[in-house]
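Please look over the fold below before reading on.

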Amino acid sequence: MNGRSSAMTEKASGKKPKAKRAKKDPNAPKRPMNAYMLYANSIRAEVREANPSLSMGDISKEIGQRYKTISADEKAKLQTKVDKAKEVYKKQMAAYEIGTPAESVKKPKAKVKAEIKKKKKKQPEPEPESSDSDDSDDSDDSDDSDSDSDSD
């Protein structure tokens with residue numbers, strides 16, 4: 001068939017080929033949370049206790065409604081926390097870009113464990129020497145001589 005048929009099926013299915021994204025560095029500092037996320041994390045447990053029958057989605061809706069109704073003073077307090085977190089993030093990011101690790105930037109445990117395993121694999125274990133290996137070489141030679149005599 002022609003090249004159009006495959007393009008037509010991609011359009012019909014609505015799927016586009018995914019562009020490959022560069023993987024994020026696990027050592028890079030995490031971005032700070034915004035004011036809403038700080039508020040949501042601080043109040044989520046309270047909302048769960050007050051409404052144990054609500055699903056996770058409904059809890060999120062309730063938190064969103066409560067956030068809309070909080071006073072400007074409370075939002076300003078949250079914003080000051082966000083601003084402080086942004087300053088810390090900027091310092092960590094500057095240190096990360098220079099190449100010196102910041103104090104609070106640590107490798108995830110899984111990453112550290114994977115590196116340890118790689119180091120162990122790179123160091124080959126010495127093979128134990130035994131007298132059996134010498135005997136097996138001799139037996140190979142005898143097998144060759146047998147096969148030569150068979151072909152005559």
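A residue counts as buried when its relative accessible area is under 20%. Tyrosine 39 has a relative accessibility of 9%, so it counts as buried. The model is predicted.

**Overall layout**

The protein chain has six helices and zero strands. Along the sequence, the pattern reads α-α-α-α-α-α. The protein chain holds 152 residues, and buried residues make up 12% of them. Take the contacts between residues at least 6 apart in sequence: 61% of these join residues at least 24 apart.

**Helix H2 against H3**

Helix H2 covers residues 35-50. Helix H3 covers residues 56-69. H2 and H3 pack at an angle of about 120°, and their axes are 9 Å apart. How do H2 and H3 lie to each other, oblique or parallel? Angles of 65 to 115 degrees count as roughly perpendicular, and over 145 as roughly antiparallel. H2 and H3 are therefore oblique to each other. Their crossing is right-handed.

On the H2 side, the contact uses Ala35, Tyr36, Tyr39, Ala40, Ile43, Arg44, Glu46, Val47 and Arg48. On the H3 side, the partners are Met56, Ile59, Ser60, Glu62, Ile63, Gly64, Arg66 and Tyr67. By class, the residues of this H2 and H3 contact are ten nonpolar, two polar and five charged.

Alanine 40 sits in helix H2. Its relative accessibility is 1%, so alanine 40 counts as buried. From alanine 40 to glutamate 62, the C-alpha to C-alpha distance is 9.9 Å. In sequence, alanine 40 and glutamate 62 are 22 residues apart.

**Helix H2 against H4**

Helix H4 covers residues 72-98. H2 packs on H4 at an angle of about 110°, with the axes 9 Å apart. H2 and H4 are therefore roughly perpendicular to each other. H2 passes H4 in a right-handed crossing. Which residues make the contact? From H2 come Ala35, Leu38 and Tyr39, and from H4 come Leu78, Gln79, Lys81 and Val82. Five of these residues are nonpolar, one is polar and one is charged.

Aspartate 83 also lies in helix H4. With a relative accessible area of 38%, aspartate 83 is partly exposed. The C-alpha atoms of aspartate 83 and proline 32 are separated by 9.1 Å. Along the chain, aspartate 83 and proline 32 are 51 residues apart.

**The tyrosine cluster**

A pair of aromatic rings is described by the distance of the centres and the angle of the planes. How many aromatic pairs does a search of the whole structure find? The search finds two aromatic pairs. The table gives their geometry.

| Pair | Centre to centre | Between the planes | Class |
|---|---|---|---|
| Tyrosine 36 and tyrosine 67 | 5.2 Å | 85° | edge-to-face |
| Tyrosine 39 and tyrosine 67 | 5.5 Å | 50° | tilted |

Tyrosine 36 lies in helix H2 and tyrosine 67 in helix H3, so their pair ties together parts that are 31 residues apart in sequence. Tyrosine 39 lies in H2 too, so its pair with tyrosine 67 of H3 ties together parts that are 28 residues apart in sequence. Ring pairs link Tyr36, Tyr39 and Tyr67 into a cluster.

Is tyrosine 67 buried or exposed? The relative accessible area of tyrosine 67 is 17%, so tyrosine 67 is buried. Tyrosine 36 is partly exposed, with a relative accessible area of 27%. Tyrosine 39 counts as buried.

Tyr39 of H2 takes part in the contact with H3. Tyr39 also takes part in the contact of H2 with H4. Ala35 is likewise listed in the contact with H3 and in the contact with H4. Tyr39 is one of the members of the ring cluster as well.

Note on methods: Residues are numbered from 1 along each chain as its sequence is written. This is a predicted model: local features need pLDDT of at least 70, side-chain atom pairs count only at pLDDT 80 or more; totals for chains, interfaces and linings use all residues. Side-chain values use heavy atoms; hydrogens and water are left out. Axes are lines fitted to C-alpha atoms, for helices over the stretch in contact, and angles run from 0 to 180 degrees between N-to-C directions. Helices (H or I, at least four residues) and strands (E, at least two) are DSSP runs, numbered from the N terminus. Angles under 35 degrees count as roughly parallel, over 145 as roughly antiparallel, 65 to 115 as roughly perpendicular and the rest as oblique. A crossing is left-handed if the near helix is turned anticlockwise from the far one by less than a right angle, and right-handed if clockwise. Contact means heavy atoms within 4.5 Å. Ala, Val, Leu, Ile, Met, Phe, Trp, Tyr, Cys and Pro count as nonpolar, Asp, Glu, Lys and Arg as charged, and the others, Gly among them, as polar. Rings of Phe, Tyr and Trp (its six-membered ring) pair if their centres lie within 6.5 Å; planes under 30 degrees apart count as stacked, over 60 as edge-to-face and the rest as tilted. Buried means under 20% relative accessible area, exposed over 50%, partly exposed in between (1.4 Å probe, protein chains only).
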